[in-house]
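Subject: Structure handover

Hi,

Here is the structure you will be working with. Please open it next to this email; my notes follow below.

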Amino acid sequence: MSNDRQQRLEQGLQHLSAPFTAAQVDQLLAYLTMLERWNKAFNLTSVRNPMDMLSLHLLDSAAINYAIQSADYIIDVGSGAGLPGIPLAILNPQKQFTLLDSNGKKTRFIFQVISELALANVKEINKRVEAYQPEKRFDAVITRAFTALPNMLQQCDHLVASNGCFLAMKGKKPDLELSQIEKAYKVVDLSRIALPLIEAERHLVKIIKISAEP
């Protein structure tokens, strides 16, 4: 079974053009094992089957790896069980990640993952996004199934650096939400992402705050 997981993971990462090493694959599979084990006791995700977790969580997270390459200081808002933050942090050890969630059991799980996998580039924060005031603003603010785009921008506005961006992971193209974005923000990219072994629609919306530009 572990060989099947490894093969599917490596093939999926190759399909997504996400560079990886054997050590990173081992870490991703260790994270998957932890997620599977903790999920039985703490209900971290509604996805139960490990192969489905691999596709719907690990590869879904890795699918936006290309979009964060110009960012060094990244926050994953509403990270839940560490998605997409943990997979992205494993694939990008040179970047710094903050994983923010208001659910204590989920941030405790993230802390355990950080400890067991020795992820020196990740820290977890157990707070509501409105209450979190970072010492330094972020190059990229990532959300995944968090809230509608106008609400996300309002709640996360204080987190993004003047030259930074918001990266919102969505399922179907959010046409109504896009039409409701305030004029202080600009959608600079809307990409449909094709995930291996998944038929469902996936989109990534990149937004900048134009009022913060010089």
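Buried means under 20% relative accessible area, exposed means over 50%, and partly exposed lies in between (1.4 Å probe, protein chains only). At 2% relative accessibility, K95 is therefore buried.

Two notes on the source. This is a predicted model: local features need pLDDT of at least 70, side-chain atom pairs count only at pLDDT 80 or more, and totals for chains, interfaces and linings use all residues. Residues are numbered from 1 along each chain as its sequence is written, and side-chain values use heavy atoms, with hydrogens and water left out.

Salt bridges

The structure holds nine salt bridges. A salt bridge here is a side-chain nitrogen of Lys or Arg within 4 Å of a carboxyl oxygen of Asp or Glu.

K95 pairs with D72, with the closest N and O atoms 3.9 Å apart. D72 sits in the loop between α3 and β1 (73–77), and K95 in the loop between α4 (85–91) and β2 (96–101), so the bridge ties together parts 23 residues apart in sequence. Helices (H or I, at least four residues) and strands (E, at least two) are DSSP runs, numbered from the N terminus.

D157 and K209 form another salt bridge, at 2.9 Å from N to O. D157 is in the loop between α6 (149–156) and β5 (160–170), K209 is in strand β7, and the two are 52 residues apart. D157 has 18% relative accessibility, so D157 counts as buried.

D60 bridges to R202, with the closest N and O atoms 2.7 Å apart. D60 belongs to helix α3, while R202 lies in the loop between β6 (185–192) and β7 (203–209), 142 residues apart. Both residues, D60 and R202, are buried. R144 joins D60 and R202 in a network of salt bridges.

Helix packing

How are helices α1 and α3 packed? Helix α1 (residues 2–15) meets helix α3 (residues 50–62) at about 25 degrees, with the axes 10 Å apart. Axes are lines fitted to C-alpha atoms, for helices over the stretch in contact, and angles run from 0 to 180 degrees between N-to-C directions. The two helices are therefore roughly parallel (angles under 35 degrees; over 145 is roughly antiparallel, 65 to 115 roughly perpendicular, the rest oblique).

On the α1 side, the contact (heavy atoms within 4.5 Å) includes D4, R5 and R8. On the α3 side, P50, M51 and L54 are among the residues involved.

Best wishes
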